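Please look over the sequence and structure before reading on.

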Amino acid sequence: MKTRDDIARSLAACGYIADGELATAIALMQLLKRPLLLEGEAGVGKTEVAKALACVHGTELIRLQCYEGLDQSSALYEWNYQRQLLAIEAHRGQPDTIEDQIFSEKYLLERPLLAAIRRAMPPVLLIDEIDRADDEFEAFLLELLSDFQVSIPELGTIKAISIPHVVLTSNGTRELSDALRRRCLYHYVDYPDVDREARIILTRIDGASASLALQIARMVESLRKEELRKVPGVAETLDWAAALVGLDVRDLKDQPEMVHDTLMCLLKTHEDRARITREVAGRLLGKVA
């Protein structure tokens with residue numbers, strides 16, 4: 001088993017700066033071969049964990065984006081009805097042979113869940129925003145997470161060729177079932193502290209100096225403490241850092257007007273833009289060393 005420091009270094013090499021608790025969670029996930037449920041606010045980097053894991057393992061990332069009304073056919077498999085109809089037309093007059101042919105692998109369309117268990121090399125399966133899916137879909141998912149097999153009536157039970165590395169994310173828009181939580185390891189992903197966010201900026205943004213990255217991280221931390229409708233996540237921090245570097249800003253205190261004008265990278269609602277006036281931005285900027 002790799003230590004959490006080994007895992008943190010591997011993730012950093014793939015552009016993800018993890019804290020010790022997350023590195024430990026990933027270490028246990030790999031040791032126990034259990035799914036990892038990551039919960040937290042939107043924008044804290046949950047999805048990026050799965051992308052970094054795929055990079056670390058040198059394997060495919062298979063993503064299932066959840067939404068209200070997601071059903072088994074969209075997540076597991078579908079039959080290629082158009083090709084089936086064409087085959088039926090081509091074999092008109094031969095009804096005894098065509099049924100077995102059209103319900104075969106040739107006409108099967110893999111969706112993310114089926115694809116994930118049929119890869120020879122274990123992929124990373126990202127089940128993104130599981131809280132947006134319905135309770136019924138969550139219940140269907142339990143069999144896959146428990147036994148890594150699925151049932152297709154026309155083909156029978158399909159067992160996993162390899163066990164994928166499963167990452168589930170949730171923004172907490174609804175309470176997940178106890179049954180799902182029992183099948184997963186759990187980690188809450190919070191906003192990074194100033195030092196870690198500065199390291200993230202340095203890792204992701206070419207041309208950012210250590211002093212500018214620290215200023216940006218401190219400014220964003222101060223903004224998150226304001227009463228905002230939508231708190232900026234790490235992705236917004238990176239957008240802002242890239243904008244400032246692109247505009248050749250080297251010290252936030254030297255260009256307060258530019259700082260305020262570019263806050264559109266961080267503030268994504270009219271209410272938040274109105275709340276963070278030039279005066280408020282100046283006050284927050286005064287806290288940046």
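## Terms and model

Buried means under 20% relative accessible area, exposed over 50%, and partly exposed in between (1.4 Å probe, protein chains only). Helices (H or I, at least four residues) and strands (E, at least two) are DSSP runs, numbered from the N terminus.

This is a predicted model, in which local features need pLDDT of at least 70, side-chain atom pairs count only at pLDDT 80 or more, and totals for chains, interfaces and linings use all residues. Residues are numbered from 1 along each chain as its sequence is written, and side-chain values use heavy atoms, with hydrogens and water left out.

## Confidence

The predictor's confidence in each residue, pLDDT, runs from 0 to 100. Its average over the chain is 91, and 96% of the residues score at least 70. Where pLDDT is low, the predicted coordinates should not be read in detail.

## Strand β5

Strand β5 (residues 124–128) is largely enclosed by the rest of the structure, because five of its five residues are buried. V124, L126 and D128 point one way from β5, while L125 and I127 point the other way.

Two strands pair if DSSP finds at least two bridges between them. Strand β2 (residues 61–65) runs parallel to β5 and is joined to β5 by five bridges; R63 has L126 as its bridge partner in β5. Strand β8 (residues 165–170) is also parallel to β5, with four bridges, and V166 in β8 stands opposite L125.

## Helix α2

L28 lies in helix α2 (residues 20–32). L28 counts as partly exposed because its relative accessibility is 34%.
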